[in-house]
Amino acid sequence: MQKITREQLIDQASELLANGTVSTVLGWGAGEFGYDVTPTLFKTAEEMQNGFVFNDFCGANFSKYLVSKTKTLEGKLLVFLKPCDTYSFNQLLTEHRFDREKVYVVGIPCEGMADIAKVKEISGEGISSIASDGDRIVVTTLYADAPVKIDARNVLAERCIHCKSKKHVAYDTLLGEEGDVVASARFDEVTRLESMTPDERFAFWQNELSKCIRCNACRDACPACTCETCVFDNPKSGVENKSPSNSFEEQMFHIIRAFHVAGRCTDCGECARVCPQNIPLHLLNRKFIKDINTFYGEYQAGAEVGSRSPLTDYTTEDLEPSEIFVGRNEHA
Amino acid sequence: MNNMGDTLIPSVGVITDVRIDTPDIKTFRVVTSDGKKAFDHRPGQCAMLSIPGVGEAMFSITSSPTNTEYMEFSIKKCGCVTEWLHQAEVGQQITIRGPYGTPFPVDDVFAGKDLLFIAGGVGLAPLRSVINYCRHYRDRYGNIDIVYGSRSKADLLDYREIIEEWANDAGVKVHLTIDNPQPDWDGHVGFVPSYVKELGFDTDKTAVLCGPPIMIKFTLEALVALGFDKRQVYTTLELRMKCGVGKCGRCNVGAKYVCKDGPVFRCDELEELPSEY
Amino acid sequence: MLKCSLDNVQTLFAEIAKEAKLYLPIDNADGTAVFGEWSRGVAWSNALNTAKSPKDFFFPQTEDLMRFRTEGKKIEVIDVRRESDDFVVFGVRACDVKSFDVLDRVFLSEPCDSFYAEKRAHGIIVSLACTRPAETCFCGIFGIHAAEPAGDVSAWKTEDALYLRANTEKGTALVARLSSVLEECSDDAVNAQKESIAKIMNKLPLKDLSTEAFGGGKTQDLFHSPAWDALSSACLGCGTCTFVCPTCQCYDIKDFNTGNGVIRYRCWDSCMYSEFTKMAHGNNRLTQKERFRQRFMHKLVYYPENNDGLFGCVGCGRCLAKCPISMNIVKVMKQIGGNKGE
């Protein structure tokens with residue numbers, strides 16, 4: 001489904017490695033089954049030939065890795081960023097989380113990434129090979145007599161269904177054609193939750209958050225969560241990443257986290273992608289984004305470097321809290 | 001229901017005495033709520049003490065097993081539980097469970113041997129139990145040498161007991177040292193590892209080492225330089241623990257659990273382990 | 001061999017549930033399966049396996065150990081342990097059944113953990129053979145037979161019937177009280193299924209993954225492997241692998257002040273977490289590489305060293321499916337143990 005090929009990415013990276021522009025490449029490493037790619041550092045063109053992949057399952061957002069990887073690296077790090085990833089990139093720069101000079105961004109176009117769980121719902125388990133063929137994903141399994149051909153648009157990851165931008169807001173080199181900010185229906189589900197009664201909404205979140213196993217994957221993958229030590233990892237905080245049974249405590253974790261990233265969350269969707277329990281965590285963040293848009297005017301975190309979130313930027317035109325309260329009531 | 005106790009469920013203990021040893025170490029005397037010793041232990045073993053709502057932590061039992069009336073714990077203030085204990089008064093109840101860990105081999109390996117105890121700072125706490133055990137059964141062991149060092153005179157743990165009791169025992173020699181000279185100190189000045197080298201012990205002794213990791217490292221090197229084999233040297237480790245019985249996984253290093261396979265290890269055994277302690 | 005027509009399986013469940021709570025895999029709204037309590041009308045999931053392992057039944061994500069009442073300097077310890085009722089966990093796959101053996105060796109060894117033991121004593125396991133293992137399955141390399149799952153009762157599901165065989169006293173007692181829904185039958189259908197499963201097992205992509213390089217006594221060989229750096233490089237340090245793993249058993253004990261007394265509870269913990277080994281005065285595993293290595297060394301070397309060669313992995317494949325960066329024990333075994341099994 002992707003318009004750009006693995007070979008184009010390798011060529012671009014090889015050239016930059018060869019001419020000394022970059023020392024290392026952060027890309028996708030091949031796995032066992034074609035869909036299980038791992039973020040990997042490559043030092044040479046040969047390593048890339050052997051282990052680099054680019055396919056419809058390269059969804060992981062690399063921006064956050066720049067914080068840790070640029071600290072120890074000699075020379076520049078080449079990173080491949082999809083349009084949505086570039087928003088996280090800018091937001092991290094806004095927060096001074098890494099040195100821009102240590103990174104070389106190759107912007108790559110994205111046609112939307114696939115969710116392997118959705119593929120498996122159609123193909124069944126027992127995948128023996130998986131490949132893209134035009135707009136289709138072709139899957140052979142141990143159990144189906146013939147390869148299963150799946151329209152890639154039917155197995156898009158949630159965040160790709162609701163893609164907000166095909167435009168790169170940061171890059172040093174851009175491969176392929178630049179896209180535009182696109183209209184998305186990403187707030188529809190938030191609107192549906194807002195239309196619920198408070199009891200219904202509470203029941204919805206209680207059910208979803210009760211599935212949480214406190215693995216912290218949402219936080220650890222989140223490009224907006226870059227504290228050196230998270231309050232939830234501090235044994236003295238009293239809210240360490242654990243809680244007793246029959247308590248509502250663990251749900252505080254997600255709510256506090258949503259508040260903490262409010263105004264800084266670019267809606268990259270990593271939290272929901274990595275959740276092993278399929279909790280729609282992105283909806284908490286989208287609620288904040290929608291409210292910010294409503295009360296302070298349209299704001300997209302990461303659209304530009306240095307922009308100040310309405311939540312951290314006071315203006316005399318800001319709504320008074322009482323007005324916001326009225327606004328919320330009108331919503332309900 | 002398995003109608004039995006569970007090692008994770010502690011008994012209630014009472015602090016019956018608090019002794020200020022050094023500026024940051026206090027020794028607590030603990031008995032059960034009906035005034036008895038909570039349980040029997042062997043030299044080098046530990047107990048889990050807790051204050052409900054604050055937390056639970058593992059401490060070595062400082063008093064000798066030969067004391068049948070109470071247990072003592074010498075505790076340095078350095079974390080939540082220890083800070084809380086340091087402000088506790090006599091009569092305060094705490095919880096206690098144990099004993100945990102493998103003791104020093106006082107009845108087999110140590111029997112009949114000349115013993116060399118080397119401690120730094122609060123590292124004397126785990127050794128006090130075994131030293132007093134060996135003093136109690138004095139005829140079972142050969143000569144005893146005790147090398148003990150701390151930052152200053154005020155930081156020497158059990159100073160009065162060392163000077164008034166240990167140093168007066170027949171066949172027991174005490175060698176004290178502090179890191180820097182001070183006016184009321186006419187003893188040795190210098191770090192423990194170099195003092196050990198200076199003292200130059202015969203290599204027919206069995207040595208027991210306890211102190212900060214860096215002191216253990218250099219003292220072990222000093223002993224090896226004197227000709228000691230690592231199989232002659234014992235030490236005790238300290239890692240974060242929760243259960244005390246090799247299940248919660250925290251103190252796992254290699255195939256060992258420090259809480260149950262240790263805390264006492266022979267130094268050659270440590271070499272087999274990954275260096276994660 | 002005993003048999004129940006699939007048309008009749010809800011009646012079978014109703015019979016089981018008469019005397020014991022019955023838990024089985026149920027389809028969740030989000031497309032995954034979870035173990036849930038059966039009640040009339042609840043459908044049994046066809047999913048290969050549940051997203052979360054069944055270790056929860058015996059070693060819950062969080063459980064209260066005791067309570068304390070404190071007043072002034074006084075403390076009272078309140079034992080909150082209660083006798084469990086019998087319960088049946090139905091449809092446990094061979095890998096997950098084996099995981100109970102792995103957990104038993106930790107929790108039931110001296111001193112026995114009474115919280116775990118109590119639940120284990122009252123849990124009756126009905127296993128289920130896997131007719132359609134996934135590409136992520138590799139139980140076979142640990143000597144586990146997907147066609148011959150253990151448990152108190154073993155079960156096989158064909159297109160039209162469920163076959164049961166009791167293996168233990170508990171299992172025999174369970175099937176004895178289900179006689180109204182079960183009939184005696186030959187082993188033919190089950191034998192045929194076992195043959196077809198054996199053929200599939202032979203086609204699984206991970207079937208040749210080698211365990212040769214691992215096991216007790218391999219610490220020095222593997223601990224210093226240069227491969228750990230690259231393997232752990234992208235690790236996020238989250239606890240996903242640990243918490244979806246049926247055999248991971250590390251736990252924390254913590255106190256929670258309710259404002260009206262203190263609850264001491266235990267909850268799952270992860271050696272992948274940065275504060276797992278953090279003490280007041282230091283941390284013996286400072287980097288994610290060290291924590292990552294600990295998890296895999298424990299499963300592949302330390303655990304077998306202490307448990308007669310039994311590995312601390314059962315090949316269920318959950319971590320393969322769930323790791324946010326698709327790093328997992330298979331990739332570790334291939335890299336650290338030499339690439340045999342490509």
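Two strands count as paired if DSSP finds at least two bridges between them. Residues are numbered from 1 along each chain as its sequence is written, while chains are lettered from A and ligands numbered from 1 in the order in which they are written. Because the model is predicted, local features need pLDDT of at least 70 and side-chain atom pairs count only at pLDDT 80 or more, whereas totals for chains, interfaces and linings use all residues. Helices (H or I, at least four residues) and strands (E, at least two) are DSSP runs, numbered from the N terminus.

**A strand inside chain B**

- Let's begin with strand S11 of chain B, residues 205–210: six of its six residues are buried, so the strand is largely enclosed by the rest of the structure.
- Here "buried" means that 20 or more other C-beta atoms lie within 10 Å of a residue's own; 12 or fewer makes a residue exposed, anything in between makes it partly exposed, and the C-beta atoms are placed from the backbone.
- B:Lys205, B:Ala207 and B:Leu209 point one way from S11(B), B:Thr206, B:Val208 and B:Cys210 point the other way, and all are buried.
- S11(B) pairs in the parallel sense with strand S7 (residues 114–120) of chain B over six bridges, and B:Phe117 stands opposite B:Val208 in S11(B).
- S11(B) also pairs in the parallel sense with strand S12 (residues 233–236) of chain B, this time over three bridges, and B:Leu209 stands opposite B:Thr235 in S12(B).
- To get from S11(B) to S12(B), the chain crosses through helix H5 (residues 213–225) of chain B, and this β-α-β crossover is right-handed.
- Right-handed means that, with the strands pointing away from the viewer, the path from the first strand over the helix to the second runs clockwise.

**One residue to look up: B:Tyr100**

- B:Tyr100 sits in strand S6 of chain B and is buried, with 24 other C-beta atoms within 10 Å.
- Leaving out residues up to four places away in sequence, B:Tyr100 touches several residues, among them B:Gln45, B:Met58, B:Gly244 and B:Lys260.
- Touching, or being in contact, means that the C-beta atoms of two residues, placed from the backbone, lie within 7 Å.
- B:Tyr100 and B:Asp229 are 129 residues apart in sequence and 28 Å apart in space, C-alpha to C-alpha.

**The sheet in chain A**

- Chain A has an open sheet of five strands in the order S2-S1-S3-S4-S8, with mixed pairing.
- Its edge strands are S2 and strand S8 (173–174) of chain A, each of which pairs on one side only.
- Strand S3 (residues 77–81) and strand S4 (residues 103–107) of chain A run parallel and are joined by five bridges; A:Leu78 stands opposite A:Tyr104 in S4(A).
- Helix H1 (residues 6–18) of chain A packs on the sheet, touching strand S1 (24–29), S3, S4 and S8 of chain A, and its direction makes about 160° with that of S3(A).
- Helix H3 (residues 65–72) of chain A lies across S1, S2, S3 and S4 of chain A, running at about 165° to S3(A).
- For these angles, axes are lines fitted to C-alpha atoms, for helices over the stretch in contact, and the values run from 0 to 180 degrees between N-to-C directions.

**Domains in chains B and C**

- Domain bounds come from an automatic or database domain assignment.
- For chain B, the assignment gives domain 1 (11–100) and domain 2 (114–236), with C-alpha centres 24 Å apart.
- In chain B, 15 residues of domain 1 are in contact with 14 residues of domain 2.
- For chain C, the assignment gives domain 1 (2–54 + 84–201) and domain 2 (219–336), and 27 Å separate their centres, taken over C-alpha atoms.
- In chain C, 19 residues of domain 1 are in contact with 18 residues of domain 2.

- The contact between chains A and C takes 34 residues from chain A and 41 residues from chain C.
- S2(A) gives the most to the side of chain A that touches chain C, with four residues.
- By class, that side of chain A has 17 nonpolar, 10 polar and seven charged residues.
- Ala, Val, Leu, Ile, Met, Phe, Trp, Tyr, Cys and Pro count as nonpolar, Asp, Glu, Lys and Arg as charged, and the others, Gly among them, as polar.
- Turning to chain B, 35 of its residues are in contact with 45 residues of chain C.
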